Amino acid sequence: MNPRLLIAAAVVVLLGLGGAVRVYLALENQAYHPPVRSTQVEQGAAPREQAVRDIAKATETKAKAKKYEPPTYRTFPVVGSRVAVWIVAQLHLMFAAFVLAVPMFAFIIELIGYFNGDKRYNKLAYEFAKLLSTSFSFTASFGGFLTFLLIMLYPAFTNYMMEIFSWTFIPYVMLFFAEAGFLYSYYYGWGKFHPVVHLFLGLGLNLIGTGIMFIADSWASFMMTPGGVSDVGALIDPWAAFDNFTWMPINIHRFIGNIAFGGSIAAAYAAWKFLGAKSDEERAHYDWMGYMGNFVAISAFLPLPFAGYYLALEIYGYNQALGIMMMGGAFSWLFIIQAVLIGNLFLAANYYLWLGMGRIQGTQPYQKYVKYLLASITICFAVWATPRSILASVSEIKAMGGTLHPALGFLGVMSAKNTAVNCLILTTYVSFLFYRRTGKEPTVSWAGIGNIIQFLIFAGVTSFVIALGIYGYFVEAAVRIQLSIPQVASVLFAMVAMTIIDAFMLRGARETGETHWGKLPNISQYVLIFIAVTFTWLMGLMGYVRSGLRQHWHVYGVMRDQSLDAFTPTLGFATQIISVIVIIFFAFIAFVFWLSSLHDKPDWGSDGHGSHGGSSDGAHGGGH
Amino acid sequence: MKMPVSLNVVLLVVGSSLFYTYVGQLVPQKQLMPPAEVLIAADLTTDQMVKVGFEVVQQKGLCLTCHTVGKGGAGLRFPDLAGIGDRAKSRKPGMDDVHYLAESLYHPDVYIVPGFNPGMPVINKPPIGLTDTEILCVIAWLQSLGGTPSVTMTTKLPDQTQG
């Protein structure tokens, strides 16, 4: 085709397009504009310019005359204010939990190493501490982000919280400075101080971290169970607002939960390092680290349901309707999802322990029991995950004679669920006991009697827990609620008593098999990562129920949510948001892991032999 | 073909999260809206009050979160309301049904039904915060459960604060 014709056609098309856009804009702009007539035409100014000036002046005058009214809400684009605050708050909490938990077990491991003189413990504690500094920065960054979001999106609510808690802010900030001081001197001072001084830094770090958490918990728990204020929300007693109904239960629950969560993330780090390890020595080290992280996580996880009971009991104590909404109302199905998560955690934790037996010679005496343990876990898991009522069609409901299944419906109540979870904990404890005993043969004269006593305690407590569960079906509610206390107490007693007997019985035990750290299939490490993901997801879910329980209240019963997001979303929506949070968290934590691993890489431009930090620091150099 | 470790880990994290999200889609999906305000005209008849009262009980009052109607047995956490209209007449000696029901709403801890624990919130205070008129309608509905509603919009109760 003739190029001139082509150019001419392109110009025509462009002009046509321009014209179309102009016409479209003119049609779109249909708002009424009053005609502007200039009252005084400035010398030299064209009438149109003068009109534009007049409009600007009128707008300015109008803006000046407008009375200032502080906004109650602002809106976050696309996802909305609630989802934005939800995601950032949960990410802040996850990093905060990790930063508070890691120093706890780093300190304890360092302390063990100090007393037993085994340098491996010191190295392990340092390895954990390496994850801290970047995580601390992320915690603070997400904390700052959350604060700005609250001020920006919920100004009236933020103002109210300031009215109640402003007196806690300065101590909080001071503690944060102290936390930074202790944390960085603990990490950078590894091997540079006398061991006792370094341990003191670790202790200080933990105490201050716990103090920070206690202050922040008062704000969150006040929103759910406010105290110290009048019916209309006026502050009467600042300390009662701080020490409200659920403050201490949340402190305890978070304290234990943080350790479980932090242990699982540290174990995931070790698993990731194990999977990428180049030598048997590295594999052995990271296998041990993963084992220790998981041990910390599961040890803290076992008493966590008991702390949960305490928290739930206080929620019921504060307001029965709130408690019933949680366990029997709109949120009750959330606990079925929780049962799936916790069931998976128990299954995975036990599976890891059973796989771990493979690294020890002399595992045969205990391996034959694994199938029974698995059966017990599966049954308990199934009972726990049984819903009270099930989704069914009209014909199915007719066939069942109601929404409750004639047989399985009995398993969906708290009597059965409490019994199942206590048996699940006992089973996991027995798995751990078997793992601990593998490759060891007691030499004490009373070993036989010790075994019988341990078995009797286990059998007696299991029977007691099941009997109380059955008894719960035949008594009225006031009595039934109280039955969970002896169930919990007896399980705790069994674990403590059996551990004490075991510790004395295995004193001076003969080693029948060597432990080969690192000789574990790779699947075991993926199990550790799965445990970490499940813990994180569980934390997101429980964070949602604690916050969502307030429903259409910013502060329950005191300050109503009048925003667009005042409704409680479906559980399906909540799980989508939780998954987004979990994936974002793991993206950030992968960055933390990568940064920590840089520590062991050779310097840029070096010949590959001069590694820095990792091999020359106090942790390896025997500074302690 | 051997997959790189990092890809396996990403698949595990995303896959596990998707699995739990899927579990979340399997449970009943209910969106809870803030309780709607029930408009109450000043000239309602007692029969109309019963209907309005039932609406309040279901929505703003959240009464059926804890109480049941017509469900017997030992498993109840709070008293079943079936027949309350009849029982209320003789529950406390010297107190008629309207005043007994009013007391149990305004001062729920004064009398606890044997076999149950205290736990009922003060119904005219937040977070429930029913108005005096709404409470009158709730009393009318409670009376209708096994009894004959006698309360009217002009009935005066000792704890009424509004006009």
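## Domains of chain A

Chain A is split into domain 1 (72–304 + 569–599) and domain 2 (332–509 + 528–548), with bounds that come from an automatic or database domain assignment. The structure is a predicted model, in which local features need pLDDT of at least 70, side-chain atom pairs count only at pLDDT 80 or more, and totals for chains, interfaces and linings use all residues. Residues are numbered from 1 along each chain as its sequence is written, while chains are lettered from A and ligands numbered from 1 in the order in which they are written.

Taken over C-alpha atoms, the centres of domain 1 of chain A and domain 2 of chain A are 28 Å apart. Their contact involves 26 residues from domain 1 of chain A and 24 residues from domain 2 of chain A; two residues are in contact if their C-beta atoms, placed from the backbone, lie within 7 Å.

## The domain 1 side of the contact

On the side of domain 1 of chain A that touches domain 2 of chain A, at least two residues each are supplied by helix 3 (81–116), helix 9 (247–275), helix 10 (280–301) and helix 22 (571–598) of chain A. Helices (H or I, at least four residues) and strands (E, at least two) are DSSP runs, numbered from the N terminus. Helix 9 of chain A gives the most to this side, with eight residues.

By class, this side of domain 1 of chain A has 20 nonpolar, six polar and no charged residues. Ala, Val, Leu, Ile, Met, Phe, Trp, Tyr, Cys and Pro count as nonpolar, Asp, Glu, Lys and Arg as charged, and the others, Gly among them, as polar.

## Chain B

Chain B has five helices and zero strands, in the sequence order α-α-α-α-α. Its radius of gyration (over C-alpha atoms) is 23 Å, well over the 15 Å that the globule rule gives for 163 residues, so chain B is more spread out than a compact globule. The globule rule is 2.2 Å times the number of residues to the power 0.38. The C-alpha trace of chain B spans about 85 × 40 × 25 Å along its principal axes.

Of the 163 residues in chain B, 32% are buried (20 or more other C-beta atoms within 10 Å of the residue's own, with C-beta atoms placed from the backbone). Among contacts in chain B between residues at least 6 apart in sequence, 58% join residues at least 24 apart.

## Interface and confidence

Between the chains, the contact takes 37 residues from chain B and 48 residues from chain A. The chain B side comprises 21 nonpolar, 13 polar and three charged residues.

The predictor assigns the complex an ipTM of 0.82 and a pTM of 0.82. Chain B has an average pLDDT of 89, and 96% of the residues score at least 70; pLDDT is the predictor's confidence in each residue, from 0 to 100.

How values were computed. A residue is buried if 20 or more other C-beta atoms lie within 10 Å of its own, exposed if 12 or fewer, and partly exposed in between; C-beta atoms are placed from the backbone.
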